[in-house]
Amino acid sequence: MSGGAFRIRQIDLGSPDADVDAGDTPSLSIFWWKDLPLGMRASLPDELPYTEARLRQLAAEFSAAQLAARSIRLGAPLRATYEGCPKSVLSLTAALDAKDLVGCLDELATASSAPAQHVSVVICTRDRGPALAQCLQSIARQRSAPGEVIVVDNSRDANAWPVCIHFPDIRYVHEPRPGLSAARSAGIRASRRDIIAFTDDDVEVHPGWTAEIARAFAEWDVEALTGLVLPARLDTIAQRRFQFDMGGFGATFVPLIFDQRFFEETRPSGAHVWKIGAGANMAFRRSAFDRVGSFDERLGAGAAGCSEDSELWYRLLATGGACLYEPRAVVFHHHRRDWPGFRRQMKAYMKGHVAALVAQYDNFGDRGNIDRIWKQLPAYFVRTFVKTLFEGPPGRIGILAAEVQGWLAGLQFLLRFGWRKRRTSNWLRKTR
């Protein structure tokens, strides 16, 4: 899937004319049932448009997965497995007893109309004015308006202000201390609502995003939530490599609970909290920050690299909390367009991942974090190198080299004892 640009097609399988568009380019088709995202498939031009039989097959496949994951009588809710994937508990008896499946799916696909006045939306930005404007326009189109929208400008010269003045309802905060974690913590301090939702300035959110967040927190007793992150465009080779070869920001279309069982199962190998979601689409109850503190300001873009989100999820799970992945909350992410920028991103991701493993080990003494640094990641590098030699795809070796460079850069945090001692002050820091 590396040739030319990919179109991204949105297909509602509940529509009688679901797919009549052939086109002459490869496509990533994202399937919906009304407002409910169901799945996605990459296709070459000669496979399109999908035949009616193929659409019926996809509808049956996706619908079965949704019903098994969302219908209590069919086994919902599903808990995340070791790899962060759903494990169905659907029994043959329950499946045979199920009736009116289309009606059930229609009910599940009903868009949320939950009010979102108790939701604060925080967007951290740095030197990306045009992208921020697109993000804010999508926030302004929300079906349920949030209680407040806070833009935290992390630039030195406050260059997001000229963008924000075009959105009179925005609350603007300038946080000159560098780092995404510092900016997000500033957003938490400025917020006044009980639910705090975060997205990034290179994201456009679905019109039902805040309504779905509000519904999820009303229905589930969890402290944190993540949602589905879909690609906004796949025009360049860098964007397609990130989506197809590196997995993008995930491709799970059913809700999952990440709870104590998931944490304890994966703890010996460094709990796989990065499987929970992405910081571009996450939300928390304010009480979660009161309980375990804010984002670790040593981590994240502008500091160690990334993983400030997954480290916070680690703290929540390690202290008895639970996180919900709810793909009804959808955002569209603009992946990095240029190849050098993509490689820098992959290096930063790996460097930040190693830094987060060190921080998690220092906080809880879990040896699995150190094992992941010295055993699992090198093994992953070797497996990827061997597989790429025989199967490709082109360019994967360059990405792997960036990941190895990031790993080597991350090892410094094991020896930075002053950096490691700072954990106590961050751990105890409260946001209010």
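Biologist: What should I know about the model first?

Modeller: The model is predicted, so local features need pLDDT of at least 70 and side-chain atom pairs count only at pLDDT 80 or more, while totals for chains, interfaces and linings use all residues. Residues are numbered from 1 along each chain as its sequence is written, and side-chain values use heavy atoms, leaving out hydrogens and water.

Biologist: How many helices and strands does the protein have?

Modeller: There are 17 helices and 12 strands, taken as DSSP runs numbered from the N terminus (helices H or I, at least four residues; strands E, at least two).

Biologist: How do I describe two packed helices?

Modeller: Use the angle between their axes and the distance between the axes. Here H12 (residues 339-364) and H13 (residues 367-391) pack at about 155°, with axes 7 Å apart. Axes are lines fitted to C-alpha atoms over the stretch in contact, and angles run from 0 to 180 degrees between N-to-C directions. The pair is therefore roughly antiparallel (over 145 degrees; under 35 is roughly parallel, 65 to 115 roughly perpendicular, the rest oblique).

Biologist: Which residues make the contact?

Modeller: With contact meaning heavy atoms within 4.5 Å, they include Met-350, Leu-357 and Tyr-361 of H12 and Ile-370, Leu-377 and Phe-381 of H13.

Biologist: What happens at the two ends of H12?

Modeller: At the N-terminal end, Asp-338 is the cap, with a side-chain oxygen 2.7 Å from the backbone nitrogen of Gly-341. Just after H12, Gly-365 has a positive phi of about 70°.

Biologist: Where else is the backbone worth a look?

Modeller: The peptide bond from Leu-48 to Pro-49 is cis, with omega near -5°, and Pro-49 sits in the loop between strand E3 (36-43) and helix H1 (52-70). Asp-127 is not a glycine, yet has a positive phi of about 60°; its loop joins strand E4 (116-125) and helix H4 (129-140).

Methods. Polar contact = N/O pair within 3.5 Å; in protein donor to acceptor, adjacent residues only side chain to side chain.
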